[in-house]
Amino acid sequence: MQPRSQHEPRPVFCTIVPPHVLDKLSQSDDPVLAGPARRTLEADAARRTRRQVTTFVRPTISQEPADDSSGKPDRTLYDCRHGTDLPGTKVRAEGEDPTSDASVNRAYAGLGATFDLLLSVYGRRSIDGNGLPLIGSVHYDEKYNNAFFDGEQMVFGDGDGEIFLDFTVAIDVIAHELAHGLTQYTANLNYYGQSGALNESVSDVFGSLVKQYSLGQTAGQADWLIGAGLLAPRVQGVALRSMKAPGTAYDDDVLGKDPQPASMDDYIHTGEDNGGVHLNSGIPNRAFYLLATALGGSSWERAGQLWFDVLTGGELAVDADFASFARLTVAAARSRFGEGDEVEAVLKAWSEVGVPTA
């Protein structure tokens, strides 16, 4: 019998804004900036602890697909009205017309775009493969500087308007968080150290793929940014992360400089942020970017397919490190495409970021 950690999905609490960003912001001398960041950190810590010790019980949310044969998503959006009780007040169900609330409509569209990529490209019905309903809550808390997936649903804050804008504005942020659910129902990667960084990287990969797919972009046309449009105008930066050039997304007098490493030469050893899951994810992120751009065309077709194959193939251990993940991508390339350009591109991509594949 498999151990429980490998056999059953293990929900984790995953946020799009890393703790190190909020911690830096919380130290600002300006209370307008520091206050919301501190409250967000406190709220995240409390919910993360709650996620670890109990299972959320929300009888108002149906987790059963309405139609097992449907090729359409089953989305429900709620409004927290700046409170913290989830899911909030139901404001839009699947198939209903857009509301007057742009946040609701953006979240609805983002959930649908993620469902569409998984089904149309990879033949997977929702994040669990069985049409799991997709649930989102907007307007969470007051000036909440984050968005998260808690194992059951998506939650979006409005941002403080000074550093962060509404967290529904970036479709890749929506897809990133929902992709944590995809990982939860497939490889079930531990959220610590290199396996945790892979968990984060997989979400960035699928977040970027959903954005590229929805915009009809090739790998060469994509910006490879995570959270573009999320930073307020006063911030010196373009996004939360760059898959193309980790460590260059922002360089701001309040937020500091983007600390993500781009290769194993600069791997960060730390006990914070679950062993640096939001930091070291830059390394496999860049490997994917290098692969996708080397292959050209649509990133979701070959590069994305290989990552999906590894994630769903059943061979990826819950505590996998970068090297074991890399070896599986090489094996997946050989299995799907034979000995050719794809295998060479995978080997070269991992080599450039210093991850061994032998």
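Two residues are in contact when they have heavy atoms within 4.5 Å of each other. The model is predicted, so local features need pLDDT of at least 70 and side-chain atom pairs count only at pLDDT 80 or more, while totals for chains, interfaces and linings use all residues. Residues are numbered from 1 along each chain as its sequence is written, and side-chain values use heavy atoms, with hydrogens and water left out.

**Ala 333 and its surroundings**

- Leaving aside neighbours within four places in sequence, Ala 333 is in contact with Leu 306, Gly 338, Glu 342, Val 343 and Val 346.
- Ala 333 sits in helix H10, which spans residues 322–337; helices (H or I, at least four residues) and strands (E, at least two) are DSSP runs, numbered from the N terminus.
- With a relative accessible area of 0%, Ala 333 is buried (buried means under 20%, exposed over 50%, partly exposed in between, using a 1.4 Å probe and protein chains only).

**H10 with H9**

- Helix H9 (residues 303–312) packs with H10 at an angle of about 115°, and their axes are 9 Å apart; axes are lines fitted to C-alpha atoms, for helices over the stretch in contact, and angles run from 0 to 180 degrees between N-to-C directions.
- H9 and H10 are therefore roughly perpendicular to each other (angles under 35 degrees count as roughly parallel, over 145 as roughly antiparallel, 65 to 115 as roughly perpendicular and the rest as oblique).
- Among the residues making this contact are Leu 306 and Trp 307 of H9, and Ala 332 and Ala 333 of H10.

**H10 with H11**

- H10 also packs with helix H11 (residues 341–352), at an angle of about 170° and with axes 8 Å apart.
- H10 and H11 are therefore roughly antiparallel to each other.
- The residues in this contact include Val 330 and Ala 333 of H10, along with Glu 342, Val 343 and Val 346 of H11.

**Annotated regions**

- An unreviewed UniProt entry annotates residues 187–355 as "domain: Peptidase M4 C-terminal"; UniProt positions follow the numbering used here, feature names are shortened, and annotations may be inferred rather than shown by experiment.
- Residues 187–355 are 49% helix and 5% strand, and their end C-alpha atoms lie 20 Å apart.
- The UniProt annotation "domain: Peptidase M4", also from an unreviewed entry, covers residues 87–184.
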